[in-house]
Amino acid sequence: MFLKRIELQRDLIPSYNQYPFSIPSIKNLDQIDIHSKVTFFVGENGSGKSTLLEAIADKCEFNTAGGGKNNFYEVNASESALGDYIRLSWLPKVTNGFFLRAESFYNFASHIDTMGTGPYGGKSLHHQSHGEAFFSLFSNRFRGRGIYLLDEPEAALSPSRQLAFLRILHDLVQEDDSQFIIATHSPILLGYPEATILSFDEGEINEIDYEETDHYQITKYFLQNREKFLQDILADE
Ligand SMILES: Nc1ncnc2c1ncn2[C@@H]1O[C@H](COP(=O)(O)OP(=O)(O)OP(=O)(O)O)[C@@H](O)[C@H]1O
Ligand SMILES: [Mg+2]
């Protein structure tokens, strides 16, 4: 495990009235101690998960538009607003790794194409389906000790590929001693054992159990009571 702590440097913050310091979970952040090789960020849309993940990527000197240390390409508005205001503590410091932003995967694929098809299944990422391309990235680019920062990796993946992704994650964690921080809405990914789940809800970042997440509770309730659930939410006023 490498990244041990994330601290907000409050003395540098000019004002809490504007983004990103106006986001409640960030406004109330002091420090996060990381004690698992896999940490999940969960929370409502807009609760600040991507903002913090991007700031970590920025501090790791990964391209904040997505990629590793050696992936330099320009994408609009990809600078991190929070990166200059956090401090990361490492033991030991690692430089290998990758930042995956779901929204900018297309740009990353284009960038890879300009470098030749490389080790991505021998085929341009643009000539693979969204999920296939994501998957060949996971299976080929992620290797070795490193820190992997992933923003909603499930976006492209079918449920069975999400399970296969868990297998790859597990191998990287066990065999390569890698660390992951993953923002996700997937109840499947969140089920990974021995992970720490950090909730960004209720204006604070707090550790919660899998069974306490909305993702688990709402999915479970929905699957067990689909008809009643739909009757309730689709009922006329
Ligand atoms: N560049 C920006 N300028 C101003 N506000 C922003 C900017 N980027 C994000 N925000 C706002 O900051 C808040 C947190 O956004 P963020 O993208 O971190 O949320 P999130 O937890 O990742 O949500 P989601 O689950 O939808 O991906 C949101 O209210 C968003 O509108
Ligand atoms: Mg997000």
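A: Two strands pair if DSSP finds at least two bridges between them; strands (E, at least two residues) and helices (H or I, at least four) are DSSP runs, numbered from the N terminus. This is a predicted model, where local features need pLDDT of at least 70 and side-chain atom pairs pLDDT 80 or more, while totals for chains, interfaces and linings use all residues. Residues are numbered from 1 along each chain as written, chains are lettered from A and ligands numbered from 1 in written order, and side-chain values use heavy atoms, without hydrogens and water.

Q: What is the order of the strands in the open sheet?
A: The six strands run E5-E6-E7-E3-E8-E9, with mixed pairing. At the edges, E5 (97–101) and E9 (206–208) each pair on one side only.

Q: How many bridges join E3 to E7?
A: Four, between residues 38–42 and 179–183, and the strands run parallel. Val38 has Phe180 as its bridge partner in E7.

Q: How is an aromatic pair described?
A: By the distance of the ring centres and the angle of the planes. Rings of Phe, Tyr and Trp (its six-membered ring) pair with centres within 6.5 Å; planes under 30 degrees apart are stacked, over 60 edge-to-face, the rest tilted. The whole structure has seven such pairs. In one, Phe222 and Phe229 are edge-to-face, 5.3 Å between centres and 90 degrees between planes. Ring pairs also link Tyr16, Phe21 and Tyr85 into a cluster.
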